[in-house]
Amino acid sequence: MQKPVGQKLLNLNEAAGYLRLILLLMQNKSEFARAFYLPQANLTRSFLAYFWCLPAQLFMWSANLESFLVVNPDSNITKISFLIQANVFDAFVWIVSAITIAIAATLILKKPIFVPLIVSTNWFNLFVTYVFFIPTALVYFLPIAEDVGVLVKLITYLILIGLYFRLMRQVSGGNKPFAFALTLLNVVLGLFMTQLAFSTLYT
């Protein structure tokens with residue numbers, strides 16, 4: 001992982017380095033968790049992961065919109081305005097998630113370690129986005145039955161929840177109860193925000 005000082009805004013080596021750390025930690029290689037406690041693990045720069053997610057997010061939102069318009073052909077939703085709103089909403093979700101993690105870490109752990117937790121979560125979101133992009137693209141481009149597509153996405157989602165628990169357990173120093181609580185909190189928050197997004201954007 002490269003030192004962030006003096007880097008350009010979006011640095012591929014930086015993103016690749018963090019993804020490598022995420023993958024190692026999800027394999028329970030706890031010795032790599034300390035990387036998120038170093039000064040180089042910059043909180044502000046971790047939110048740049050959002051911009052790396054944009055290509056996949058734009059595709060997935062576009063696919064969702066097309067599916068919606070098939071069954072709602074009289075809708076007045078325009079694609080450009082929809083995508084702008086959807087991605088602003090995604091950015092808002094990242095901020096809410098970070099605040100939630102900070103509050104949870106402060107109240108439960110009573111230790112100032114929320115920066116490593118937020119940094120690792122933000123880069124994990126990059127991993128999640130492109131993992132979820134795969135079944136979305138398969139369903140979009142291949143003649144796959146809708147029920148099969150939904151099942152594949154559900155299985156992918158459940159696997160990612162398990163991997164996030166692993167990551168939080170490693171970054172929090174092996175604290176399983178906290179990792180479980182934080183994972184559950186993020187799942188509930190994610191489901192709530194998804195429901196809010198669909199009720200807001202598809203009107």
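This is a predicted model: local features need pLDDT of at least 70, side-chain atom pairs count only at pLDDT 80 or more; totals for chains, interfaces and linings use all residues.
View 1. Looking beyond neighbours within four places in sequence, you will find F36 in contact with Y18, L21, I22, L25, A41, P116, V119, S120 and V171.

**View 2. Helix α3 and its kink.** Helix α3 has 23 residues and spans 34 Å between its first and last C-alpha, close to the 33 Å expected at 1.5 Å a residue. A kink of about 45° is centred on P55. Buried residues of α3 include Y50, C53, F59, W61 and F68, and their cover includes α2 (43-46), α4, α5 and α7.

**View 3. The aromatic pair of Y50 and W94.** The two rings sit edge-to-face, 5.7 Å centre to centre with 80° between the planes. Because Y50 belongs to helix α3 and W94 to helix α4, the pair ties together parts 44 residues apart in sequence. Both Y50 and W94 are buried.

**View 4. The aromatic pair of F68 and Y202.** Here the rings are tilted, 4.8 Å centre to centre with 50° between the planes. F68 lies in helix α3 and Y202 in the segment after α7, so this pair ties together parts 134 residues apart in sequence. F68 is buried at 18% relative accessible area, and Y202 counts as buried at 12% relative accessibility.

Notes
Residues are numbered from 1 along each chain as its sequence is written. Side-chain values use heavy atoms; hydrogens and water are left out. Contact means heavy atoms within 4.5 Å. Helices (H or I, at least four residues) and strands (E, at least two) are DSSP runs, numbered from the N terminus. The expected span of a helix is 1.5 Å times one less than its number of residues. The bend at a residue is the angle between axes fitted to the seven residues ending there and the seven starting there. Buried means under 20% relative accessible area, exposed over 50%, partly exposed in between (1.4 Å probe, protein chains only). Rings of Phe, Tyr and Trp (its six-membered ring) pair if their centres lie within 6.5 Å; planes under 30 degrees apart count as stacked, over 60 as edge-to-face and the rest as tilted.
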